[in-house]
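I opened this notebook to record what I looked up in a structure that is new to me.

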Amino acid sequence: MKPLIIFYDEPCVLCNYWVQRLCRWDKKDQLRFTSLDHPSFLAFAEERGLDLNSMDTSVVWDQEYSYALEAEATFMILNRLGGLWTIPALLRFLPKGLTNGIYRIVARNRYHWFGKHEQCPLPDPKYLHKFLD
């Protein structure tokens, strides 16, 4: 099984917090990370016709099937982690408008609520293999 690739907002404090957590929780080494500014994401977005100017979300790409945005991206990650993480992933059965609406509120306010890094933090050296160059 190919790892999920998670494209995230690198300067975002909240996004970096969750990336660090996911690195620790990913016991089966199934996740990879890179910035929404990375050339691999720019090519990915262009191939799929994603409008980068209107995006305020992380993107998760399951290389074997498809990709997901907003709350669906979160549920895709939780499902891949498995175990007890599949319990909160059950929220995916709530109306998509509700889960994506909550996601959008947090995404729109993330810099105001949590801040923005002036320089992107370096990952823990033991997790460097999880980050695309």
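**Entry 1, the sheet.** I started at Val60, which stands opposite Ala68 in S4. I then noted that strand S3 (residues 59-62) and S4 pair in the antiparallel sense over three bridges, where two strands pair if DSSP finds at least two bridges between them. Strands here are DSSP runs of E with at least two residues, helices are runs of H or I with at least four residues, and both are numbered from the N terminus.

Before going on I wrote down the ground rules: the model is predicted, local features need pLDDT of at least 70, side-chain atom pairs count only at pLDDT 80 or more, and totals for chains, interfaces and linings use all residues. Residues are numbered from 1 along each chain as its sequence is written, and side-chain values use heavy atoms, with hydrogens and water left out.

In what order do the strands of the open sheet lie? I read the order S2-S1-S3-S4, four strands with mixed pairing. Strand S2 (31-35) and strand S4 (67-69) stand at the edges with a single partner strand each, so one side of each has no neighbour in the sheet. From one strand to the next I found an average twist of 20°.

The axes of helix H3 (residues 70-81) and helix H4 (residues 96-114) come within 7 Å and cross at roughly 95°. That makes H3 roughly perpendicular to H4, a label that covers 65 to 115 degrees, while angles under 35 count as roughly parallel, over 145 as roughly antiparallel and the rest as oblique. On the H3 side I listed Glu70, Ala71, Glu72, Thr74 and Phe75, which meet Lys96, Thr99, Asn100, Tyr103 and Arg104 in H4; contact means heavy atoms within 4.5 Å.

Glu70 lies in helix H3, and its phi is near 55°, a positive value in a residue other than glycine. Is Glu70 buried or exposed? At 16% relative accessibility Glu70 counts as buried, since buried means under 20% relative accessible area, exposed over 50% and partly exposed in between, with a 1.4 Å probe and protein chains only.

Asp29 also has a positive phi, near 55°, but Asp29 sits in the loop between helix H1 (13-25) and S2. With 31% relative accessibility, Asp29 counts as partly exposed.

I found Leu14 in helix H1, buried with a relative accessible area of 16%. Leaving aside residues up to four places away in sequence, Leu14 touches Val106, Arg110 and Phe114.

I counted four helices and four strands, following the pattern β-α-β-α-β-β-α-α along the sequence. The radius of gyration is 14 Å, close to the 14 Å that the globule rule gives for 133 residues, so the chain is as compact as a globular protein of that length; the radius is taken over C-alpha atoms, and the rule is 2.2 Å times the number of residues to the power 0.38. Buried residues make up 39% of the 133 residues.

Note on methods:
Axes are lines fitted to C-alpha atoms, for helices over the stretch in contact, and angles run from 0 to 180 degrees between N-to-C directions.
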